[in-house]
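Me: Can you walk me through a couple of spots in this one? I'm new to it.
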Amino acid sequence: MLKSRVSAFLVALTLVACSSGGDTGSSGVGFGQFKDSNTQGLNYVSGDLSGVTLADGSFEFVVGGTVTFSVGGVELGTTGGKSVVTPVDLVTRGSSSSPAVQNIVRFLMTLDSNGDPSDGITISPKVQAAAVDWQSVAFDGGSFQTALNTSLEAANAADPDNAANRIIRDAVAAQNHLESTLLCSYAGAYEGTFSGGDRGSFGILVDATSGEVRGMAYSDIEQISLELTGDSPITFDQNASFVSGNISSGATFSG
């Protein structure tokens, strides 16, 4: 029988339509994507590597190192280099409900050139150039709204052709947008192994709409197949965990 908690190492086989993810080269340079939907026009620095994210949000990072993202003089935050980075990763113990995370999302949504962040966020070259002189923004501070208004005015002055498209979203819209992005990023098939009171292998599917988890496991000890059904969806935090689920044997699992 499986113990009530299964420790597992997951190998992501995510759906390309939602998250093509990154990869690690043999040279010690990794390739990732920044997603608040795919975000183009962010500055990034990782060790000796630096650049601007491309249309798919792609960037390079030093494997085992950190990467810092910014829009000109406005630093968004720093995280360990990995295949997919979202605003959740840029705030300590961040989640989609963290005010600082929501404010980062609001800032990026406001700068989007076409005003439709669902198809990706693009910070135009004109705004990128102007943002070099922008002051830092306290995403967790009471002055954020004033800073956001100032950023909108500066972006429109730098790139007036797209000014009509740029609008400020509230925290609810930002959270909904981010959670939709996270669901898409998490969705797909995962496989791995488990150990504890039992051992074996498993495969699960994460639903792109609900984030719910279900799949199958095989017990090497009992030599039987087990159905896995999640009771709760993937969480919108840095753990991306599901709290618990049911196993056809009557036990429970989490991961």
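Reply: The side chain of Ser95 makes a polar contact with the side chain of Ser97, at 3.0 Å. A polar contact is a pair of N or O atoms within 3.5 Å; within protein, one must be able to donate a hydrogen and the other to accept it, and residues adjacent in sequence count only if both atoms are side-chain atoms. This is a predicted model: local features need pLDDT of at least 70, side-chain atom pairs count only at pLDDT 80 or more, and totals for chains, interfaces and linings use all residues. Residues are numbered from 1 along each chain as its sequence is written, and side-chain values use heavy atoms, leaving out hydrogens and water.

Me: Where does Ser95 lie?
Reply: In the loop between strand E10 (84-85) and helix H1 (99-111). Helices (H or I, at least four residues) and strands (E, at least two) are DSSP runs, numbered from the N terminus.

Me: Is Ser95 buried or exposed?
Reply: Ser95 counts as buried because its relative accessibility is 15%. Buried means under 20% relative accessible area, exposed over 50%, partly exposed in between (1.4 Å probe, protein chains only).

Me: New topic. Which way do the side chains along strand E5 point?
Reply: They alternate along residues 43-46.

Me: How many bridges join E5 to strand E6?
Reply: Four, and the two strands run antiparallel. Strands pair if DSSP finds at least two bridges between them. Ser46 stands opposite Leu49 in E6.

Me: And what is the bridge partner of Asn43 in E8?
Reply: Ser70.
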